[in-house]
Amino acid sequence: MEKVWRIAERGGRLNFFDFDPDPRRRHTFWTTILGGTFVWMAIYSCNQAQVQRYLACRSEKEAKKAIFLNWVWMLMISVAACMCGLVMYAVYENCDPMESNRITNTNQMTPLLVLEILSHVPGASGLFIASAFSGTLSTISSGINSIAAVFVEDIIKPNCKSWAHFPERKRTRISKLLAMTFGIATMGLAALTS
C-alpha cells in the first residue's frame with residue numbers, strides 16, 4: 001500500500017491539503033467539503049429512496065440509528081472506492097489501457113483490473129461481474145419503485161378522486177405498470193447517453 005500511496009502522490013492524485021479557494025479547481029479541500037456537503041445532504045434529506053427507508057422505521061430514534069449506521073457504511077465504501085482508484089492508478093501508471101487500445105471506454109477499467117489481478121482464480125472474475133450487476137440492479141430497481149410510488153402519491157391520488165375506490169388488485173397493477181414504464185424509460189435514456 002505504501003508503493004500505491006507514493007505513486008499517487010508523485011502523480012498529484014492526493015489533494016487533501018490543497019486549500020486553494022478557486023472554485024474552478026476540481027479537487028481541493030474546499031470543493032470537496034462544499035460539494036460533498038451538498039451531495040450527501042441531498043442524498044440523506046430528500047432522496048425518495050432514502051425517505052422510504054426512514055418511513056419504514058418504527059420510530060424517529062430507529063430512523064436516526066439507521067441513518068448513522070448507513071453513514072458509517074457509506075463512508076467505508078467511499079474510502080474503499082477511493083483506494084481502488086488509487087490502486088488502479090498505480091497499476092496503470094506507465095501503461096494507460098485507453099491509450100494502448102486495450103479498452104474503448106473508461107468504464108471498462110475496473111473489470112479489466114479485476115480480470116488482470118484475479119485471472120488465476122477460477123470464477124473470481126465472474127463473481128465480480130455478478131456482484132456488480134446485482135448491486136446495480138438493486139439500486140436501479142429501488143429507484144424505479146420510488147419514482148412509481150411518488151407518481152402515485154403526488155400525481156394520481158390528488159388528481160384521480162376514484163383512486164381510493166379502485167380495488168387493491170387494480171391499484172397494485174397500475175403501480176407495477178408505472179414501475180415498468182419508468183424502467184423502460186430509464187433503459188431508453190441509458191441507451192441514448194451511451
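**Close-up 1. The crossing of helices α1 and α4 in the predicted model.** Helix α1, which spans residues 2–10, and helix α4 have axes that come within 9 Å and cross at roughly 80°. The two helices are therefore roughly perpendicular to each other, since an angle of 65 to 115 degrees falls in that class. On the α1 side the contact is made by V4, W5, I7 and A8, while α4 contributes M83, L86, V87, Y89 and A90. Sorted by residue type, the contact of α1 with α4 consists of 9 nonpolar residues, with no polar and no charged ones.

Close-up 2. With a relative accessible area of 7%, Y92 is buried, because the cut-off for a buried residue is under 20%. Leaving aside residues up to four places away in sequence, Y92 touches P97, R102, M109, L112, L113 and E116.

**Close-up 3. S146 within helix α6.** S146 lies in helix α6, which covers residues 124–159, and counts as buried at 3% relative accessibility. The side chain of S146 reaches the backbone oxygen of S142 at 2.9 Å. When residues up to four places away in sequence are not counted, the residues that S146 touches are Q48, A49 and Q52.

Notes: Residues are numbered from 1 along each chain as its sequence is written. This is a predicted model: local features need pLDDT of at least 70, side-chain atom pairs count only at pLDDT 80 or more; totals for chains, interfaces and linings use all residues. Side-chain values use heavy atoms; hydrogens and water are left out. Buried means under 20% relative accessible area, exposed over 50%, partly exposed in between (1.4 Å probe, protein chains only). Contact means heavy atoms within 4.5 Å. Axes are lines fitted to C-alpha atoms, for helices over the stretch in contact, and angles run from 0 to 180 degrees between N-to-C directions. Helices (H or I, at least four residues) and strands (E, at least two) are DSSP runs, numbered from the N terminus. Angles under 35 degrees count as roughly parallel, over 145 as roughly antiparallel, 65 to 115 as roughly perpendicular and the rest as oblique. Ala, Val, Leu, Ile, Met, Phe, Trp, Tyr, Cys and Pro count as nonpolar, Asp, Glu, Lys and Arg as charged, and the others, Gly among them, as polar. A polar contact is a pair of N or O atoms within 3.5 Å; within protein, one must be able to donate a hydrogen and the other to accept it, and residues adjacent in sequence count only if both atoms are side-chain atoms.
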